[in-house]
Structures are given as structure tokens and as C-alpha cells.
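Here is a walk through one protein model, from a few local spots out to the whole chain. Have the viewer open as you read.

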Amino acid sequence: MRKLALIALLLAGASSSAALAKGPSYSAAIVRTSYGIPHITASNWRGIGYGVGYAYAQDNLCMLAEEFATVAGERSLHFGPKETAVLGFEKIDNLSSDTFFRSAMDLPKLRRGIATQGVQERQVIAGYVAGYNRLLRELGPAGVPAECRGKAWVHPITTDDMLRLTEKQVLLASSLALAGAVVNAAPPGATQAADQTVTLPDQEKIGIGSNGWAFGGDVTESGRGVLIGNPHFPWNGPARFWEMHLTIPGVYDVMGVGIAGTPIVSLGFNKDIGWTHTVTAAQHFTLFELAVDPADPTSYIVDGKSEKMTAKTISIPMPGGAAPVTRTLYSSRFGPMVAAPALLLSWSKTKAFSMRDANAGNQRGLAAWIAIGKAKSVADIKAAVSTTLGIPWVNTIAVDRMGNALHADVTAVPNVSAAKAKDCATPASALLAGRVVLLDGKRSACDWDNTPGTAAPRLLPAGDQAVWERRDYLANSNDSYWLSNASAPYQQLSPILGAWGTMRTPRTRSGLTEIARRLAGTDGLAGTKIDLPRAEAMAFANKSLVAELVVDKLLVLCADKAEVAAACDALGKWDRRYDVDSRGAYLFATFAASIRAIPNLWATKFDVSDPVNTPRDLITDGDNGTKMIAALAKAAATLASEGIALDARWGDVQFAKRGDQRIAIHGADGALGVLNVQMAQKVPTGITPVHGSSYVQAVTFDEAGPVVDAVLSYSQSTNPASPHFGDQTLLYSAKRWVRLPFSKAQIAADAISAPVQISE
């Protein structure tokens, strides 16, 4: 026995010596350049994840730690069940948030799924966990930022935490919108959770999102691609972008951004390509209408046979030693049950509704983004998104140094053809049309189709989705694939991919209008070509297309109206932009919001053959004129009640606070036809952005590599003690850009700290 123990000890020593000889499991070098941007170099994917997890936590530890608590379903325990969280883009109480995540996160399935992914995907996740935990060890309890110091929810993480966070991210703009409906669902007579406000986005009226412009060599000064990426994302919380440059020599060299917990670049550039994303109009989940079995409200009928629902009872821990709250949720063969009475989705004795999300269990995104990062052309990007079907809910807009442009509206989408959507419709389907496809769950034939060869079962093949490749331009501002190039509308595809041949939003129309003016040389800039300075000027022009369509006629209408004379005068002096120095902009924004509901505003109606320029020609006579004068008077009164002058400077009204600094912010609501979107909420003495322009990048190429200007509107760090808490916010306010250092020489010249080597 002693002999066996001695042999085991010798073997253990030999194994330990071999491990030491082989070197550390995780290693990365980090150097930061201006504005705190980390450049992370490693010899493998474990090291990349390690460096990202470490550096991200340096900047945003408290926010990320709270997010891990959220996806673990522990908000009630740590913050109280009645407090709220932001789930997707909407608020929800903590108990409901916990209920959703504890029901939706199938860890055994997620563990099995990640095991089927490539080695590089598994390694980068493992590295991220190790890097985050290393920073926690280095900081120690006393070194944690003040905002979360001593909190029980700040603790080391595991791979499971990353799997849950990644799953949440792929559901962010799909079924997460129905989280409240999942929590609400209970059979007739059963105790139901408090009714949640549940809404579905109307793609015809969406005001938030992003802009992506890809200009090909036929319209650029250099003959190379030029890209403008302007994603509109939350200014607060885990969906904030964070800049990084990641290098595995000879394998991967990419700079750009990711959101909380993203271990690689998901939007950015390398030496040959640049890409951005915009939220797609495609629908990533469908609803199924079920016929409830009269004998059992937790059973339903498919093809004439009764099937029992699957019940899942979950337990949510409560604070202060209180007993856990238990909830029982149900699922059909199609997915979780949902209930949202306001949307006419109720669980009765005869009818119920179920949901399936194409992104549930989608762990292919890392593979897709790693492949994009390695791409040398837009053709490579097209192949990456098409073969993986891993991009969850965003369009991919890209250019390459050869002057090719791409728009791929290719994501994880239900395999539902136009014919199936029509044949499997129920009477309720028309009520939800344009927001979500509702299918007949009584027939198994109405389930999603399964096409062999796709990356996952029941997904719409890439060949049936929309892909544009051109050398002039492609643009998307969250409208559907139909009109990415105004001169060449796309053929009609399945309604699951969004509306076709319908009126475009003011923001989409504004973007296409400005591109047409640029190429015609009628926008006030020199020449008719695109280069970086001109593209940047277009992105931050802050023009309002709605003002262009409305103000001239409004001024004629109000010219002789004494009751609105001061307001009329203020609008007459306004430059019709949303720059920080624009005066009268807030008055018009307030006025415009109140006239949108007026029917028959336009003399020239929407024309499918002229979608960029219609509708137009404001009707100001008769009842319309009366309503507009009343709306202008009401807007003036609103400003007076808020203590804001009619001719207030826009930057004095819209601002961001960074410590004691009040920073003027340009841009405005996309519904005004402003491309540089800032969605703001009211605060004392003005409004402050909550969602809008975030990481804005302008990408092109020269002989040596990428030439990129960028600015991160809200800055790198959420830690008020960081020097990078508001430095880029000041840049954004002044419309200044950062020339991003990419080569070794550029990084060395711009370094603000000595390289840091971490390993273990």
C-alpha cells in the first residue's frame, strides 16, 4: 500500500513538472492606448479570452457581476423581488426576471451544446472565466469598485455563468420581448403571476435600432470600400459596447467592440474588411395557437390526438431568509406557453398559445464572429454567416479593401415560407401580422419545415434569405431587406423576414435621401464620391427629414397666428438640425410627436414605386391646420412648464451627466428622420440619452492596412472613478473622432501605459 502511494506521489510530481515545463494555461499581454482601449495579444484562444475577461472587468466589473446575477435568476435574492431589471429593452420586476431565467436557462442542454462547438469557441470562453476571476483575486474585497464593494453577488464565475449570459444575448431581440408573457402563462383557474406589460415591436414604426452604410469602390474616391457603422444601443447596462483589439499572431487580428461577456469582437474590422450590424426586421420566433383538450387544460390537441404539456416547477430564492417562491410553468412541443391578454394571447379552456424561438440554444454565434474576424473579403463574410446561421438577430453590412459591399440579412430564422404562413394562419394571425407570425398548432404540418444541410434543424436556409453584393452602396436602418439600395429593390421573400413593399420609416428615407444627394453632389459637400471625411460628416449631420417635410408649410400656417407667434418665430430661426448649438430643436421635437397621430397628413400618399420620396406634401388647410396650431401651442406650453426656452440650445436640453459634468449631446429621435439617433428620457431641466448612437466607426483602407475613425459615445468604463468614464463622451459631443491605432507601430506611439503580462 505504501509502495502504491509512493508511486502515485512520484507520478503526481512528474505531472506537475510537465505542466510547469509546458508553461501557463492562460497568458495574455495587454497594452492600453488613448481613451483606455486595450490591445490584447495572446498565442491562443484561451489567452484571448483571458485577456478580454480581465480587461473588461477592469472597466465594468460591477455591471458585469450584476448581469451574472441576473441570468442566474438571483435578482430577487440580492436586490429584492419588487425592484426592477431591464430585460431586453424593457423593464420587468426582479421576481418575474428570475422566473423567466430559471425556466429558460437549460444548463444541461447548454453544456451539451457547447461541447459540440469548435475548440476555439470553448477555449475563449474558458479563458474569459479565468481572466475575470483573476482580476477579482487581484483586487481582493477591498479593491472592488465602491458601487459593488462588499456585495454578495460579486464573486468568481464559472463556465455555466458564461453559458447563461451568452444564451441571454442571443435571445435579446427575439423571445426576450415575450419574457413577461412566459411568466404570465398559467392554465385556467391556476394562480397567475402579476400581469406583465408585454408588447411586440411594430417594424413599420420602429424608432430605435442602427444605421449601416456600405459604399463600394464604384462610388468611393479610393476605389476601396468605405463603411459607416452606427449601432443604436442602450447607453446603460450590459448591452453597452466596449472597444478592444485582439491579436493571435498569424491567426486573428481584429479590432472593434463587443457587449458584456462577449469574449471576441462582434463588430469591427481587420486589415482587409470592415463590418457593422443593424437589428434586422426578420422575426426570430413564432407563436402557435393550440386547441386545449376539453378534459384537461394542460393538454392540447395535435392531429386529433391529445398531448400532455410539460410542467416545470422552479424555485426562486428570496432575501432575508424568506422561503423561496415557487412557480410552475408549462411547455408544449413547440416551446413555452405564453399569455398576454393585451395582445389577445390568453390561456382559456379552449385555446392557448405557445412560442418557439429560433435562437434558443443558438451557440453558433462565436463561430460566426470568429470566422468574420478572419475574413479577407465580403465573400468570406457571406460564407461565415450562411454556413453557421449563427448570427442571432442582426443584419451584417460590410466592405472590403477591393471595393465590394455586402448586406446579408441572414440570421437564425424559423423555416416558415410565405405559403406556410398563409396556409397555417388562424383567425388571430391577421391581428398580429407584421409583428409576429402565428401558426396553427392543431396541425403538425404547420410546424417549421426542416431543410437538410442547415446548421441547425428547422432554420430557414441562407439561400432563402436576403443577400446583396454590390459595388455602389447598400444601407440599412432597421427596415426590412426590401430597400437596401433604392435603385434595385429586392425580390419578395417570406414574411418571416419582414415587410415588403411597405412605407419606409423616416430614418430609412433620410439615409437613402442623403446617400442620393451625396452621389449627385447636391448635399453641400465637395464632389460626388465618398471618402472618410464625407461619410463622417453625413453620419453626424443631424438633419431632420421630418423638419424638411414640415417646417416650411408650418411657418406659412402659423405666420399670422398671434397665439403661437413666439413659437413660430423660434422655428423660423431654427437650422432644422439636432446639433448641440441648434436652437428651437426641442420645440419642434415636442410638436412633431403630437402630430403623428393626425390622419391624412400628406397630400402625396405612399407610392411603392417611389418609396424614398413618399409620403410628402403636408396638408395644412382645414381641420389639419387647426390641429397643427393647437399642437404648436401645446408644445410651447410644455416647454414653459419645464422651464425650457422656445429657442433653447439643443445641447442645453439634451445632455449626459458624467460626475459633475453636464455634457451636451447631439442627435435625436429617429422618428424625426434623424440618422444619428438618441432616444432620451426626461430629467430635471432637460432630457438625457438612454438608447442611441454608441460605437460609431468609419472604416476604409490604404496600402498598409485599415484606416479607421471611431468614437464610443458613452465611453469605455461604467466606473465613475475611471479616467475613461466620460472622456469619449466629450469627444462625441464635439463631433471628434479617434483614429484607431492598429499596427504595432501605431499602438506603441499611442500607448498610455506599459504592457501588462498576465498568466496563470
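Lys735 sits in the loop between helix 20 and strand 31 (738-739); helices (H or I, at least four residues) and strands (E, at least two) are DSSP runs, numbered from the N terminus. With 31% relative accessibility, Lys735 is partly exposed. Here buried means under 20% relative accessible area, exposed over 50%, and partly exposed in between, with a 1.4 Å probe and protein chains only.

Before going on, a word on what you are looking at: this is a predicted model, where local features need pLDDT of at least 70, side-chain atom pairs count only at pLDDT 80 or more, and totals for chains, interfaces and linings use all residues. Residues are numbered from 1 along each chain as its sequence is written, and side-chain values use heavy atoms, with hydrogens and water left out.

Ser715 has a positive phi too, about 80 degrees, and is not a glycine either. The place of Ser715 is the loop between strand 30 and helix 20, and its relative accessible area of 0% makes it buried. Another backbone feature is the cis peptide bond from Thr614 to Pro615, with omega near 0 degrees. Pro615 belongs to the loop between strand 23 (602-604) and strand 24 (616-618). As background, most residues other than glycine have a negative phi, and most peptide bonds are trans.

On to the aromatic rings. How many aromatic pairs does the structure hold? There are 23 aromatic pairs, counting rings of Phe, Tyr and Trp (its six-membered ring) whose centres lie within 6.5 Å; planes under 30 degrees apart count as stacked, over 60 as edge-to-face and the rest as tilted. Two of these pairs are set out here.

| Pair | Centre distance | Plane angle | Class |
|---|---|---|---|
| Phe79 and Trp153 | 5.3 Å | 50 degrees | tilted |
| Trp235 and Tyr714 | 5.8 Å | 75 degrees | edge-to-face |

Phe79 is in helix 3 (residues 75-79) and Trp153 in the loop between helix 6 (119-143) and helix 7 (159-170), so this pair ties together parts that are 74 residues apart in sequence. Phe79 is partly exposed at 24% relative accessible area, whereas Trp153 is buried at 8%.

The other pair bridges 479 residues of sequence, because Trp235 lies in the loop between strand 6 (226-234) and strand 7 (242-248), and Tyr714 in the loop between strand 30 (706-712) and helix 20 (727-733). Both Trp235 and Tyr714 are buried. There is also an aromatic cluster, made up of Trp574, Tyr578, Tyr586, Phe588, Phe591 and Trp650.

Now for some buried spots. Thr33 is part of strand 1 (residues 27-33) and is buried at 0% relative accessibility. What does Thr33 contact, leaving aside neighbours within four places in sequence? The partners are His39, Pro741, Ile747, Asp750, Ala751 and Ile752, where contact means heavy atoms within 4.5 Å.

Ala368, in helix 9 (residues 365-374), is likewise buried, with 0% relative accessibility. Ala368 touches Ala384, Thr388, Gly390 and Ile391, if residues up to four places away in sequence are not counted.

Leu176 falls in the loop between helix 7 and helix 8 (179-184), and at 3% relative accessibility Leu176 is buried. Leu176 and Asp357 are 181 residues apart in sequence, yet 9.5 Å apart in space, C-alpha to C-alpha.

Zooming out, the protein chain has 21 helices and 32 strands. Its radius of gyration is 27 Å, close to the 27 Å that the globule rule gives for 760 residues, so the chain is as compact as a globular protein of that length. That radius is taken over C-alpha atoms, and the rule is 2.2 Å times the number of residues to the power 0.38. The C-alpha atoms fill a box of roughly 105 × 75 × 50 Å along the principal axes. Of the 760 residues, 58% count as buried. Among contacts between residues at least 6 apart in sequence, 67% join residues at least 24 apart.
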